[in-house]
Amino acid sequence: MRSAPIALCLLTLPGCQKDDNTPAPQPTVVIIDTIIVIDTVGVPPNFVADADGNLYPTTVIGSQRWMAENLRTNHYANGDPIPYVPSTQWSLQTNGAWTNYDTDASYDELYGKLYNGYTVVDPRNVCPQGWHVPTDTDWKGLESALGLPQSELDLYGVRGSGANVGGQLKAIALWDDPNTGANDSAGFSGYPGGERLP
């Protein structure tokens, strides 16, 4: 076993981003201050496991490691449960919660769960141990690595079409036609997972 220091930081969720932005050998013992965290033994290389034991493939884009599947955990990284809330009660929440698109559990495996904003910012961390919800800076690093010009990084709205940034992240299947530019060349496998409005 090898050990490596790792910085935990917390901060929307097509996937989680690795904290130290570099591939980690598996299995790994991580020393954080004086706390020792042991990664799940038996997790294959280039995969990460969440608190429920779900495995997610990962991909490296530029200098960052990203999950290549949508999150579907029922628990925060510390093991505390995240409550399930059906869509009819979604807008009433003042704490972390998850649901499925159309309140249909069959979407879970492919599209992952939908988490409210309280879950995303909860200090218990919805992402696997050693990972965090991507920050705006993380997303800008990903976009830059895929060719987004520096002059477009701080713009709002549609951007990056000249470099086909979105197409490099999108899965080829499951999007409505025309799925223009989709090639998933970054291995991110972005699916149209839906949303939940109040």
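Asp184 is buried, with a relative accessible area of 18%, where buried means under 20% relative accessible area, exposed over 50% and partly exposed in between (1.4 Å probe, protein chains only). The place of Asp184 is in the segment after helix H4, and its phi is positive, about 50 degrees, although the residue is not a glycine. The model is predicted, so that local features need pLDDT of at least 70 and side-chain atom pairs count only at pLDDT 80 or more, while totals for chains, interfaces and linings use all residues. Residues are numbered from 1 along each chain as its sequence is written, and side-chain values use heavy atoms, with hydrogens and water left out.

A positive phi, of about 55 degrees, is also found at Asp102, which is not a glycine. Asp102 lies in the loop between strand S8 (98–99) and helix H1. Asp102 is exposed, with a relative accessible area of 51%. A further backbone feature is the cis peptide bond between Asp177 and Pro178, with omega at about -5 degrees. Pro178 is placed in the segment after H4.

The protein has 4 helices and 10 strands; helices (H or I, at least four residues) and strands (E, at least two) are DSSP runs, numbered from the N terminus. Along the sequence the elements follow the pattern β-β-β-β-β-β-β-β-α-β-α-β-α-α. Of the 198 residues in the protein, 40% are buried.

In soluble globular proteins, nonpolar side chains tend to be buried together. A nonpolar core is here a set of buried Ala, Val, Leu, Ile, Met, Phe, Trp, Tyr and Cys residues joined through side-chain atoms within 4.5 Å. The largest such core has 14 residues, and Met67, Leu71 and Val126 touch the most other members. Another core, of 10 residues, lies apart from it and includes Leu142, Leu146, Leu153 and Phe188.

The whole structure contains 1 disulfide, defined as a pair of cysteine sulfur atoms within 2.5 Å. This disulfide is formed by Cys16 and Cys127, with the sulfur atoms 2.2 Å apart. The link of Cys16 and Cys127 is left-handed, with -85 degrees about the S-S bond. Cys16 lies in the loop between strand S1 (2–5) and strand S2 (17–18), and Cys127 in the loop between helix H2 (117–121) and strand S10 (131–132), so the pair ties together parts that are 111 residues apart in sequence. Both cysteines, Cys16 and Cys127, are buried.

A search of the whole structure finds 7 aromatic pairs. Rings of Phe, Tyr and Trp (its six-membered ring) pair if their centres lie within 6.5 Å; planes under 30 degrees apart count as stacked, over 60 as edge-to-face and the rest as tilted. Tyr107 and Tyr111 have ring centres 5.7 Å apart and planes at 65 degrees, so this pair is edge-to-face. Tyr107 is partly exposed, with a relative accessible area of 27%, whereas Tyr111 is buried, at 14%. Tyr111 also forms an edge-to-face pair with Tyr191, at 6.4 Å centre to centre and 85 degrees between the planes. This second pair links distant parts of the chain, with Tyr111 in helix H1 (residues 108–111) and Tyr191 in the segment after helix H4 (165–169), 80 residues apart. Tyr191 is partly exposed, with a relative accessible area of 28%. Tyr101, Tyr107, Tyr111 and Tyr191 form one aromatic cluster.

Charged groups are also placed over rings, a charge being counted if NZ of Lys or CZ of Arg is within 6 Å of the ring centre and within 35 degrees of the ring normal. Lys113 lies over the face of Trp98, at 3.8 Å from the ring centre. Lys113 is located in the loop between H1 and strand S9 (114–115) and is buried, with a relative accessible area of 8%. The charged end of Lys170 sits over the ring of Trp175, 4.4 Å from its centre.
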